[in-house]
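Thank you for asking for a short note on this entry. Please have the sequence and the structure open while reading the points below.

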Amino acid sequence: MAELIVSIQAYCKILLHAVKHPHCAVNGVLLAEDNKSKDRKVLKFVDCVPLFHLTLSLSPMLEAALLQIDAYCKSRGYVIAGYYQANENLRDKELNNVAKTIGRRIQENCANSYIFMVDNERLFPDAVSEMYRIYSPREASWKEEEKLETVTEETLRVASMLLSSQTFREVDVVDFDYHFNDITRDWRNLPINDLLQKCT
């Protein structure tokens, strides 16, 4: 298995998407550097794209979103290599059929792919550990990776600062539910990238 690194940008966008919709299930994809020609021992997730918060498994909308994201990835040298999901219920952190199905779809295009299941009980400013559990494909199923650290102390510090300062309330996280309703809203979330640059 490759060493996984999740950038501040990817980690904080997952966090901001989940806290923006605490009453809903949310999901999205993680973009990694395309390392076909590089060392495959390290998989670095550089960004994430929030998908949905209304209904997670709308197939035509999901297909349209993934086509746009894939075109963006090809222009930047990225690949869709991960999927994240936060379930609606606070205590529900289990991998469900939606996550498994979308995870398999991503695995068809990137063999070295992972599912990040957000633990809603870890979405608070004093969290000292990562907010998700990671699953990798094994045979016909997904298995949880035990004790896998993917972020730095700096990433956890920035995430904590975003939550404790209430900055997340001012940030407009645009997922594809918003984008399909108003195409002028940019799913790349460039203002969040600018905010995170200022925090580091």
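The points below take up the origin of the model, then the sheet, the helix and the cysteines.

1. This is a predicted model, in which local features need pLDDT of at least 70 and side-chain atom pairs count only at pLDDT 80 or more, while totals for chains, interfaces and linings use all residues. Residues are numbered from 1 along each chain as its sequence is written, and side-chain values use heavy atoms, with hydrogens and water left out.

2. An open sheet of 7 strands runs in the order β1-β3-β2-β4-β5-β6-β7, with mixed pairing. Its edge strands, each pairing on one side only, are β1 (3-6) and β7 (141-144). Strands are DSSP runs of E, at least two residues, helices runs of H or I, at least four, both numbered from the N terminus, and two strands pair if DSSP finds at least two bridges between them.

3. Strand β5 (residues 114-118) pairs with strand β6 (residues 132-138) in the antiparallel sense over 4 bridges, and I115 stands opposite Y135 in β6.

4. Helix α1 (residues 8-20) packs on the sheet, touching β1, β2 (26-33), β3 (42-52), β4 (78-86), β5 and β6, where contact means heavy atoms within 4.5 Å.

5. The whole structure contains 0 disulfides, a disulfide being a pair of cysteine sulfur atoms within 2.5 Å. For C24 the nearest cysteine sulfur, that of C48, is 17 Å away; C24 counts as buried at 15% relative accessibility, the term meaning under 20% relative accessible area, with exposed over 50% and partly exposed in between (1.4 Å probe, protein chains only). For C110 the nearest cysteine sulfur, that of C73, is 10 Å away, and C110 is buried, with a relative accessible area of 12%.

Key. Axes fitted to C-alpha atoms, helices over the stretch in contact; angles between N-to-C directions.
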